[in-house]
Amino acid sequence: MMRVPGWEFIRRKFSTIRMRVTLWYAFFMTLLIFISLMMIRELSVKAMMSNQKENLIEIVRDGIKDVNTPGEFDYFDGSVYLLVYDENRIYQKGVIPDLFSVTQPLSHQRVQSVEAGGEVYYVYDQFVERERGSFWIRGVTSKETPDPTWSFISNVMSVFMPGIVVVSCLIGYFITKRAFRPVKKIQETAQSIADSNRISLRIGLPEGSDEIAKLGGTVDHMLDKLERSFEKEKQFTSDVSHELRTPLTVILTESEYALTDAQDLDEAKESLLVVRRQADHMSRLIHQLLFLSRSDHDALLLDKEEFEVFSAVFEVVQEYRILTEIDGTTISVTNNAAENIVIEADLVLFKRSLSNIIQNAVNYGKKGGCIEVLISQNEGYVCIEVADDGMGIAEADLDKIWDRFYQVDQSRNKSNGNSMGLGLSMVQTILTQHGGYVEVESTHGKGSKFSLFYPFC
Ligand code: ADP
């Protein structure tokens, strides 16, 4: 196939919506102007024809007045020929148009169309009755007499039409260029983001009520959200690597020590104990991360079953009562809900969510303090509240405690480095997966209350 130079460029140019809108606009404008001119032409031709006939009749009537006045009668006035016949319809005098036959039958006061020598003439005859002798007067005019209106329109069409087309194209081009400027900005911004990986770029269209301004606003809003989630993802990855690096470094150091520097078996065992503790920590961390990652990808399968809330809560509380016996912390359980109230949930996850909350109440509670667990029900939810009288959480931190790896202050924790800042994030995920939610109320220095809301039918 023969390649025309620049064809690809032209093809690309003309495939843009802007160019197509321009061409459609120019096409319809030209069509409209053309149709208007054609209509004007039709009307003017009609007007011209009736003008011509009226003019012919008028000249014939004027001729009747002047026919016997010497010097006044004119047989040809530039467009109408006048012929005089006697009362016996015999041609007497006048100017005869080329190839027109004087024997053409006369017809009183009627405009006839007569063809002669390939030309069409309008012919008007009038019989004039006079005492001194009656006569006929005939007016003949060529039907093809050029009409000034029509020639003007022809000129407009032939001279101005290309100009009109060009002007329509230019107007269409500038209108669409203006209208499509925001689209270009959106496309350029998207291209820049793709080229530079800078998701912080924004389109920044001025606010408006048209569709493109709204689209620009929506895309910017979407970019805001994406940027935030990328930031979170980045933070999460760096936190994960940090959390894994610390125990891994300890494991490497301790195993190196056990292998090379340990003096006896006891020293080596001590190092191995540290290694096992750190490996445990890593295993728990990985386990929790896997759980969160599965729930992020909606791959968390709930093994739902019906169980009595009170007994499930009581079992968890009992475990913690044993664990906290030594430091004198008391844990009380009150049931304000209907007796033997049953919910359908994943029992393991239910217990895990409650354990996390009670574990936090222990970790951040007062030594020898008091933890109150309260079960209640309202509006389709069973609520399990866990209140402690510990250090509480500052208002500024209340929103952040749900973020992964967020810890208000690690030194506040009594769990000897076992906390990872993932517990509340997991609790929130478990509740969300069950169609429930979790709330917190806290007063810094006085204590906190976490409430788990599980739906029940
Ligand atoms: P962690 O493993 O650090 O306990 P969590 O996600 O369970 O992680 O909790 C996040 C942070 O919220 C904790 O570091 C702690 O500062 C704060 N927090 C959670 N529960 C309590 C509580 N009952 N009292 C005070 N602070 C709490």
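Visitor: Which helix gives the most to the lining of the second largest pocket?

Guide: This model is predicted: local features need pLDDT of at least 70, side-chain atom pairs need 80 or more, and totals for chains, interfaces and linings use all residues. Residues are numbered from 1 along each chain as its sequence is written, and side-chain values use heavy atoms, without hydrogens or water. A pocket is an open set of points on a 1 Å grid where a 1.4 Å probe fits, with protein on both sides within 12 Å along at least five of seven lines; lining residues have an atom within 4 Å of a point. Eight residues of the lining come from helix 5.

Visitor: What volume does this pocket have, and which residues are closest to its centre?

Guide: The volume of the second largest pocket is about 600 Å³, counted as space filled by probe spheres on the points. Its lining has 23 residues, and the closest to the centre are Lys232, Glu233, Phe236, Asp403 and Arg404.

Visitor: Which elements give two or more residues to that lining?

Guide: Elements are DSSP runs: helices (H or I) of at least four residues, strands (E) of at least two. For the second largest pocket they are helix 5 (211-261), helix 6 (265-296) and helix 9.

Visitor: How far apart are the end C-alpha atoms of helix 6?

Guide: The expected span is 1.5 Å times one less than the number of residues. Helix 6 has 32 residues, so it should span 46 Å. The model agrees: its ends lie apart by 46 Å.

Visitor: Which residue just after helix 6 takes a positive phi?

Guide: Look just past the end of helix 6. With a phi of about 55 degrees, the residue is aspartate 298.

Visitor: Now the ligand. How far is a backbone N or O atom of leucine 424 from an oxygen atom of the ligand?

Guide: For valine 408, a backbone N or O atom lies 3.3 Å from a ligand oxygen. For glycine 421, that distance is 3.0 Å. For leucine 424, it is 2.8 Å.

Visitor: How much of the ligand's accessible area does the protein cover?

Guide: On its own, the ligand has 530 Å², by the Shrake-Rupley method with a 1.4 Å probe. The protein covers 97%.

Technical notes
A polar contact is a pair of N or O atoms within 3.5 Å; within protein, one must be able to donate a hydrogen and the other to accept it, and residues adjacent in sequence count only if both atoms are side-chain atoms.
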